[in-house]
Amino acid sequence: MTLRITGGELRGRRFRLPRGADFRPTADRVKSAVFSILGTDALQGARALDLYAGSGALGLEALSRGAVSVDFVETNARRCGHIRDTLAMLGLTERGAVHQGGVECIVESLTGGYGLVFADPPYAQDDWDKLMATLNRPGMLDDGSIVVAEHRHNLTMADEYGRLSLLTRRRYGDTAISMYEIGGFNA
């Protein structure tokens, strides 16, 4: 399977997924919609966090569209290696860091200061309260930060998680995107 970057300086560049990839990359249609909703201001100069990174497609797209750096978090060692290889192939090694391990554990070890977070866990996971509590720890998110949560369309997400308030929710087939903010963003 081949994925492509849909916008920004690397628009049209393609990268391959490893054979036998057993994950669900974000569809181009959903990815394009997410970045359209975010707009350029949310990305320019932002430090981003790509949780449950899988292929790294969301973080790579953010880098192409102006994010200054992305921390990719993934449990699977093979996927982490693939993200590192893709960063190198696209000339983004200096702007991306790959962390292998459980999301909550890795997030606790990061310094924070993120303006944008992508969270795309396996659809079987439905413990968003724990993840959002981890993201709400002091210093993790900047004022005006946006959290993009990709989930099953029929999963009920809260309208608020601590300081994070629902900005918008959109459905794309079996996938739903819920965007949360910490003040200052209007879609």
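I count a residue as buried when its relative accessible area is under 20%, exposed when over 50%, and partly exposed in between (1.4 Å probe, protein chains only). D71, at 12% relative accessibility, is buried on that count.

**Ground rules.** I am working on a predicted model, where local features need pLDDT of at least 70 and side-chain atom pairs count only at pLDDT 80 or more, while totals for chains, interfaces and linings use all residues. Residues are numbered from 1 along each chain as its sequence is written, and side-chain values use heavy atoms, with hydrogens and water left out. For secondary structure I take helices (H or I, at least four residues) and strands (E, at least two) as DSSP runs, numbered from the N terminus.

**Entry 1: salt bridges.** I define a salt bridge as a side-chain nitrogen of Lys or Arg within 4 Å of a carboxyl oxygen of Asp or Glu. How many salt bridges does a search of the whole structure find? I get six.

I looked at D71 again, which has a salt bridge to R47 at 3.6 Å, N to O. D71 sits in strand β4 (residues 69-74) and R47 in strand β3 (residues 47-51), so this pair ties together parts that are 24 residues apart in sequence. R47 is partly exposed, at 26% relative accessibility.

Next I noted E61 and K31, whose closest N and O atoms are 3.8 Å apart in a salt bridge. Here helix α2 (residues 57-64) holds E61 and helix α1 (residues 28-38) holds K31, so parts 30 residues apart in sequence are tied together. Are these two buried or exposed? E61 is buried, with a relative accessible area of 0%, and K31 is buried at 1%. I also find R65 linked with K31 and E61 in a network of salt bridges.

R137 is in the loop between α5 (128-135) and β7 (141-152), and E108 is in helix α4 (residues 103-109), so the bridge ties together parts that are 29 residues apart in sequence. I record E108 as partly exposed, at 48% relative accessibility.

**Entry 2: cysteines.** With a disulfide taken as a pair of cysteine sulfur atoms within 2.5 Å, I count zero in the structure. C80 is buried, at 0% relative accessibility. C105 is exposed, with a relative accessible area of 58%.

**Entry 3: backbone at Y52.** Most residues other than glycine have a negative phi. I noted that Y52 has a positive phi of about 55 degrees, although it is not a glycine. Y52 lies in the loop between β3 and α2. I list Y52 as buried, at 16% relative accessibility.

**Entry 4: nonpolar cores.** I use "nonpolar core" for a set of buried Ala, Val, Leu, Ile, Met, Phe, Trp, Tyr and Cys residues joined through side-chain atoms within 4.5 Å. The largest has 36 residues, and those with the most contacts inside it are V34, L38, F72, F118 and V148. At least two residues of this core come from each of α1, α2, β4, α3 (77-89), β6 (114-119), β7 and β10 (175-181). Which element gives the most? It is α1, with six residues.

I then followed V34, taking contact as heavy atoms within 4.5 Å. Leaving out residues up to four places away in sequence, V34 touches F118, V148, I177 and M179. Apart from the core described above there is another, of 25 residues, including V103, V107, L110 and Y114.

**Entry 5: β6 and its partners.** I checked burial along β6 and found six of its six residues buried. For pairing I require that DSSP finds at least two bridges between two strands. β3 and β6 run parallel and are joined by four bridges, with L51 partnered by A119 of β6. β6 also pairs with β7 in the parallel sense, over five bridges, and there the bridge partner of V117 is V147 in β7.

I traced the chain from β6 through α5 to β7 and noted this β-α-β crossover as right-handed. By that I mean that, with the strands pointing away from the viewer, the path from the first strand over the helix to the second runs clockwise.
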